[in-house]
Amino acid sequence: MCGIAGIFDLSDQRPVPEEVVRRMTRAILHRGPDEEGYYFGAGVGLGMRRLSIVGLADGQQPVVNEDRSVTAIFNGELFDHLAKRAELEARGHRLIKHCDTEVIPHLWEENQAGMWERLRGQFAIAVWDEKERRLQLGRDRFGICPLYWTRQGDWLLFASEIKALLASGMVPARPDRRGIDHIFSFAALPGPITCFEGVQLLRAGHFLDITGARNGHTAEINERAYWAMDFPDMGDEERGQDPKKLVDAFEEVMLRSVDMRLKADVPVGSYLSGGVDSSMIAALACHLKGSSINTYTIRVDAPEMDELDAANLVARHIKTKPPIVQEFRAQDAIDTYPELLRAAEAPVVDTSCAALLMLARRVHQNDQKVVLTGEGADEWMIGYPWYKVAKILDSLNVIPGLSDIVRRGYLRLNNVPQYEREFRHRVEATIGGPSAWIDAYGIITLSKLRFYSESMHAVREQANPWADLQIPLERSKRWHPLNRGIWIAGRVTLAGHLLQAKGDRVAMHSSVEVRYPFLDEEVFNFLAKLDPVQWKLRGFRDKHILRLLAERWVPPSVYRRGKVIFQAPLDSFHMDPEPPYIADLVSEESLRKTGYFDAASVRHWRQAYRQLRPRSLPRLSVEGGLAAVVATQLWHHLYIDGSLTDKLPGASAANSSTFNLV
């Protein structure tokens, strides 16, 4: 795993400022503390920081082909690189290293842009073809490894993290209010829009093709998809008449996926929450690798959220060592939040992400660089509770429109603001039909009506965040509604939240690589073809096929256990006594400076939410909105204007001014 950065002269006339590339690369040292490497050519500069995991002795980057006409830098892992290496050598290519990166320039020679669809793994890659004067940037299918880019005049800059772009001194840190509106639409930032004006996130499964101006041609930047999530037409899904054969086949696919992700020249650990997803991954890993694997879990000081007993039970069952425990309290969320936002580079609504940041730090303290985790199971196999709520509400539509009447009546009775009746219909038209996620995201979306300032309401009225997702509309109209939900879950919650604020960004902040067996293309393709009613949400049993498989591997209390959404209390920011930096961030003066929120409304709801029934949807909506307000103000302080507070806790206090690495 690495961090990559670079710059390209679109005018094809100027030398690259080498010090700019070096500054960008140093800004992401945490992504690769082991080594650095650079390439400078006519009009292009590439830099990387390496976290050495495969090919420890000779895995230095950049890597080149035989005549040095193709150069590549790479962040991630190619899990089938040994097979690719053998294929290339059989066709006459000469490979001299032992790392996965080396196959990339040779695959480019063979396939050019067709290379991307042949890669299997998690990656962000830059390939420079000197003969063609062509730069291509590409990202893995599910968006595990981040890659940002921006055009500043005739310079194109890219990097694994936005802080590297800012460190160039060529990219001004200005807010993009559309990105903030995405946070208040999805509690996530799915891209390509970010919270920084002019900075884009390259979408998962896409590559950017870049050529400079030469021989009378203008510079071109074209984004193309090499892979996209797809599902059978509704009614054409595989029903699988023999459950045992189907579960056997799923087991084989999962074993291959885990086995590939265990391959490394350093020890591989595993996160273990005690839920069915991470427990299955840990069980398969121990089966393949032996019982010496380190597992890591979080212990929360809220009894209803504490999963340590379940994690210990699983560890005993699969005969591995007891989990290494990271304690996490509400105060830790407060103290760690500035560091979390420095890692995520965006407002983070989910306070539990701070726990994952601390857990990755614990992995690093135990001298490990790689862990497996269970993200993706809930997305691919309908593991979220709102699908069940939607199923109940949809059953009311034996009387046409009754479910909508019930939704709106519930909000009215609880004095919750709501959008006009046509809002839901517009969203459904944008994504191709009904989806459970409209209600799920609606909890945070209502916060726009409560908290937005006039200028943010102007953004809301002009923007359509759902359209920004770019769902393939004609295809989605033909999918089962549950598969439409899977697409949205993968595009938004997975790519825009779990892989950012709970995955790569918080783990690599501590130089830890996270690997995701459920995010294997073979696993996805196997599950995508299955009937979602028969094998995923069967009645009210979610992840049905996974639970059938888990019966073979984990204790009954684990495979029967319902979904527990791990989160820290959303009211942590408003505890008594009030954290000083929070008070500063949401003061009338600070709210006026940023201009995103209505100060009177924020002040009112910071007191009034306490009168709402704990854990009720109206209270969760207010708490989530307030958390988003605080997170946005903190993000603005860290990256845009460092004058909102001088009371950040701990190590962050020393760097409480605007983020600046120039």
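Start by selecting Tyr296: across from it, in β15, stands Ile324. Strand β14 (residues 295-300) runs parallel to β15, and five bridges join them. Two strands count as paired if DSSP finds at least two bridges between them, and strands themselves are DSSP runs (E, at least two residues; helices are H or I, at least four), numbered from the N terminus. You are looking at a predicted model, in which local features need pLDDT of at least 70, side-chain atom pairs count only at pLDDT 80 or more, and totals for chains, interfaces and linings use all residues. Residues are numbered from 1 along each chain as its sequence is written, and side-chain values use heavy atoms, with hydrogens and water left out.

Now widen the selection to the open sheet, whose five strands follow the order β15-β14-β13-β16-β17 with parallel pairing. β15 (324-328) and β17 (513-515) are the edges: each has a single partner strand, so one side of each is left without a neighbour in the sheet.

Next, pick Asn75 in strand β5 (residues 70-78).

Last stop: helices α12 (residues 386-395) and α15 (residues 436-451), whose axes come within 8 Å and cross at roughly 115°. Those axes are lines fitted to C-alpha atoms over the stretch in contact, with angles from 0 to 180 degrees between N-to-C directions. Select Trp386, Tyr387, Ala390 and Leu393 in α12, which meet Ala436, Trp437, Asp439 and Ala440 in α15 (contact means heavy atoms within 4.5 Å).
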